[in-house]
Amino acid sequence: MEKSEFERVIDQLPIGACIINQDMTITFANPTFLGGLTIRQPDLVGQPLLTVFEEQARFLKRKIDSVFILKNPSFSYWQQRPHVFPMRSSRPITGDESQMYQNVQFMPLSNENAEVTHVSIFVTDVTAEASYFIQQSDLKNALEDEHQQLKAMHQELKIAQKKMLQSEKMASIGQLAAGVAHEINNPIGFVSSNLETLKDYALKLIKTTQTQKKIIVKQAEDRFIKLLEDVYERQGVDFILEDLPELLDESLDGAERVKKIVNSLRDFALSDEESWMEVDLCAEIESTLIVLKNELKYKVQIEKQFPAEPVFIWGKASKIRQLLFNTILNSLQAMVSGGTLTIECKQEQDKIRLIIEDTGAGIAESDLERIFDPFYTTKEVGQGTGLGLSEVYTIIEEHEASVDVLSKVGEGSRFVFVFNTPKSS
């Protein structure tokens, strides 16, 4: 094939392509790559890649560095990073102009000496596949919503029976959740311990390797020094020594986050119906927020106003957890489009005052008197059974506490609880 024909094929490829040299300068970009960009760039050739794509510079540099050093391809898939480059899609998901969902390949280009001199970047538009996947997910969610609605209708027919079985069922689920949390906690414990030990070993090996290199550079003959530098370059040792501590720190952080979630789930699930004790209210709030983390994600800002010292109330820990869970979940569900959840805890003489306030939809004045009634709910069918706040009121009565609710439609709701301290019990 003649060169001109080859160039025409490259120009007509439906895949964006560009080539980067070792200075991170763009040496080639085909029309598909240039035409797909949402930024105004008539010609990218000769421009620094990391300057043109400044927002993506850190990610791109790490990917390209790994190809140059390790001499292996690297990939980025849309599920993990949907928009590496700011490109418009030829098949927008919504029907309006939208960003391209893309798979990106970083491929090494070597010379006759097997040295990587350039990296080629291929951008594939997978918006159609992503659209299909998202549509299937939406369809699945819609089916699940319909299933929940049917389930709610079925529950309403048997609501009296479900009320009698509620306590036994929740106790069984709690025991199961606690058991699962315990089983997870054991392996995550030795994984964290091993990672800590591995980090210590790695730091010592890094220090030893660096010291050995310094000694060889100072004492050895030039030929040995060149041999050492060649080995370091071929194996990417400098990059590995730099990247290894960061990888271990990220792994340790992930293990610690799993440990906190498991501990919070275990504490929430465990129940002792007969035991009255001093309950650290602020600690229980923190644990509940971890359990509800998925509900908080991306939409609700949390503002906590806690005293420096622990605040203890006299009560049943499992019941207090259930009260917090139901009340906070109710507030989160009232903030469909996002908002702020404010939680304040303070001691007033021999009483503890807890305030849970949201900026959600609010409650109509005509509904305020009924919100604690069993089976009463203002949510849509399938969104609630009307037992959450009813259970909260039952717990309040059992603990000889009190609750006041202030609310205004469109502005949010404010729940004020007053508990007894251990000394007054």
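Okay, housekeeping. Because the model is predicted, local features need pLDDT of at least 70 and side-chain atom pairs count only at pLDDT 80 or more, while totals for chains, interfaces and linings use all residues. Residues are numbered from 1 along each chain as its sequence is written, and side-chain values use heavy atoms, with hydrogens and water left out.

Let's start with charges. How many salt bridges are there? The count comes to 14, where a salt bridge is a side-chain nitrogen of Lys or Arg within 4 Å of a carboxyl oxygen of Asp or Glu.

Take Lys304 and Glu286, with N to O at 3.0 Å. Lys304 sits in strand E7 (residues 300-305) and Glu286 in helix H9 (residues 281-291), so this pair ties together parts 18 residues apart in sequence. Helices (H or I, at least four residues) and strands (E, at least two) are DSSP runs, by the way, numbered from the N terminus. Lys304 is partly exposed at 41% relative accessible area, and Glu286 is partly exposed at 31%. On that scale, buried means under 20%, exposed over 50%, and partly exposed in between, with a 1.4 Å probe and protein chains only.

Next, Arg414 and Glu357, whose closest N and O atoms are 2.9 Å apart. Arg414 is in strand E12 (residues 412-420) and Glu357 in strand E10 (residues 351-358), so that pair ties together parts 57 residues apart in sequence. There's also a network: Glu344, Lys346, Glu348 and Arg353 are joined by salt bridges that share partners.

Now the cysteines. Which cysteine sulfur is closest to that of Cys282? It belongs to Cys345, and at 3.7 Å it's too far for a bond. A disulfide needs two cysteine sulfur atoms within 2.5 Å, and the whole structure has 0 of them. Cys282 is buried, at 9% relative accessibility, and Cys18 is buried too, at 1%.

Last stop, helix H7 (residues 222-235), which holds Val231. Along with Phe224 and Leu227, Val231 makes a nonpolar surface patch of about 250 Å². Patch residues have over 30% relative accessible area and no salt bridge; like charges are joined within 9 Å, nonpolar side chains (Val, Leu, Ile, Met, Phe, Trp, Tyr) within 5 Å. The areas are Shrake-Rupley with a 1.4 Å probe, and for residues only the protein chains shown count as cover. Val231 itself is partly exposed, at 32%.

That's it, over to you.
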